[in-house]
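This briefing is meant for a reader meeting the structure for the first time. Please look over the sequence and the model below before turning to the notes that follow.

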Amino acid sequence: MAASPAQAADATYKVKCVPPAGGGDPVEGESTVKITAPATAKVGDEVDVSWETVKPASNNTDLMVIPKDSVVPTGWFAVGGAGGELKVVGEKKNPEIPKKAPMVMSTMKGKLKLTKAGKVTLTPGRYEVAVSFPFGTFVTKCAPVGTVSGGATIDVSEGSTGGATTGGATTGGATTGSTTGGATTGATTGGATTGSTTGGATTGSTTGGGGGQTDFPGKAVEVAFDCGPVVPGGIKTPVTINAKKSGGDYQLTVKTAKGAMAAPMALPAGALKPSMNVKLGGADSGTVKVTGPANADPIPDKAPVSLSDMTGTYKPGKSGKVTLSPDQLTIDVTMAPGSTPINVPCKATSSGVSLELDTAAQPGGSGSTTAGTTGATTGGSSAASGGLAETGAEDEGGIKALALVAGTVILLGGAVFAFTPWRRLRGTR
């Protein structure tokens, strides 16, 4: 005998969502779920069950736009009456979700095999949200906080089989799996959106300098850096270049992925100071140097660390469409006040255009030389081919100097620079 027509029931509950590495701190919010299941059925029936997020716990962050058809939600119902769980999965189908806009997830669906008579309750519980970008997939995990109010009940009458109620096979798309990609990023929660994903695609680079527009957001591009012997194999991280027009100049802000990885040892205030060259292309040429402040506070052992946002000024030397791409990254490491910083240059071996501007030439602008008021030097002396900076000794002096800061870690999103001597140097990608 077939099950009865579907009924709908609501459940409202608080959840705590933990984003992937680099996604920020856990966030709590309240979500409302609409559950669809038959009111009555027979033992032996396999019934359809669905989970629709009616009210998300929070909106998307203000740091990224979630691309169309990139979100796959997966949820687990607690099946009361005989125990067990039912897994439900949603399709990889969603509209583009702007910054600060409510999260949108597809309805999660599954099938439940009824094997015991009695009242079977369906209560929404934990869920995961996987968001895919060209450079990787990031999963946020959410779980109930306190009691879940509401749910659906199926009145199951006797049939030809018995046994425990179990969660049947799910339908819909499969979750895309564990976090991958160069950095952390990012991260949405399904019912609650948490953290930040700098590695997500934005709505694209903004062009045009007229019409009164002053803010020009860039898109995140995956950049591979060769840091020589400091990090064997190099590192990868998304980098975003944003611009704000001021007169005829542009104030640039360069963001790397935010890190949420534990430092293996305590780092003093002022230990880490990043800078980067922004390469110009198209109508203009040269580079613009952007720099970020050092960490203002000490970083405790095993605490998360990130590179600060880097800023600089681009003064156009030519009129026309100009592209801006991430180039060499340099990190100054200072382990004691007054000591000489160790310069660690990382050459960008692969990059891409993050931003395009429609510029008008300015007096004293870049032209075919280095752009910006600070020039294009990487800061301090540097070594060729992404090697270590000179530290006063010949040949291997740079590597030997790193022994003074053995164990110091610089986190660039999901990438780790472990400053330890010789072949014990390691970097994760």
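Predicted model: local features only at pLDDT ≥ 70, side-chain atom pairs only at ≥ 80, totals over all residues.

**Confidence**

- Averaged over the chain, the pLDDT is 72, and 65% of the residues score at least 70.
- Over residues 367–429 the pLDDT is below 50, although the model gives this stretch 168 contacts beyond near neighbours in sequence.
- Residues 161–211 also have a pLDDT that stays under 50, and for them the model has 208 contacts beyond four places in sequence.

**The chain as a whole**

- The chain has 429 residues, and buried residues make up 50% of them.
- About 17,500 Å² of accessible surface is computed for the chain, and carbon and sulfur atoms account for 52% of that surface.
- When contacts between residues at least 6 apart in sequence are considered, 73% of them join residues that are at least 24 apart.

**The disulfide**

- The structure holds one disulfide, which is formed by Cys17 and Cys142, with their sulfur atoms 2.0 Å apart.
- Because Cys17 lies in strand β1 (residues 6–18) and Cys142 lies in strand β9 (residues 136–150), the pair ties together parts of the chain that are 125 residues apart in sequence.
- The disulfide is right-handed, because the torsion about the S-S bond of Cys17 and Cys142 is about 115 degrees.
- Are the two cysteines, Cys17 and Cys142, buried or exposed?
- Residues count as buried when their relative accessible area is under 20%, so Cys17, at 0% relative accessibility, is buried, and Cys142, at 3%, is buried as well.

**Strands β14 and β17**

- Strand β17, which spans residues 310–314, is mostly covered, since four of its five residues are buried.
- Strand β14 (residues 249–256) pairs with β17 in the antiparallel sense, and the pairing runs over five bridges.
- Which residue of β17 is the bridge partner of Gln251? The partner is Thr313.

Methods: Residues numbered from 1 in each chain as written. Heavy atoms only, no water. Buried < 20%, exposed > 50% of the residue type's maximum accessible area, 1.4 Å probe, protein only. Helix = DSSP H or I, 4+ residues; strand = E, 2+ residues; numbered from the N terminus. Pairing = 2+ DSSP bridges. pLDDT = per-residue confidence, 0-100. Contact = heavy atoms within 4.5 Å. Areas by Shrake-Rupley, 256 points an atom, 1.4 Å probe, with all protein chains shown as cover. Disulfide = S-S within 2.5 Å.
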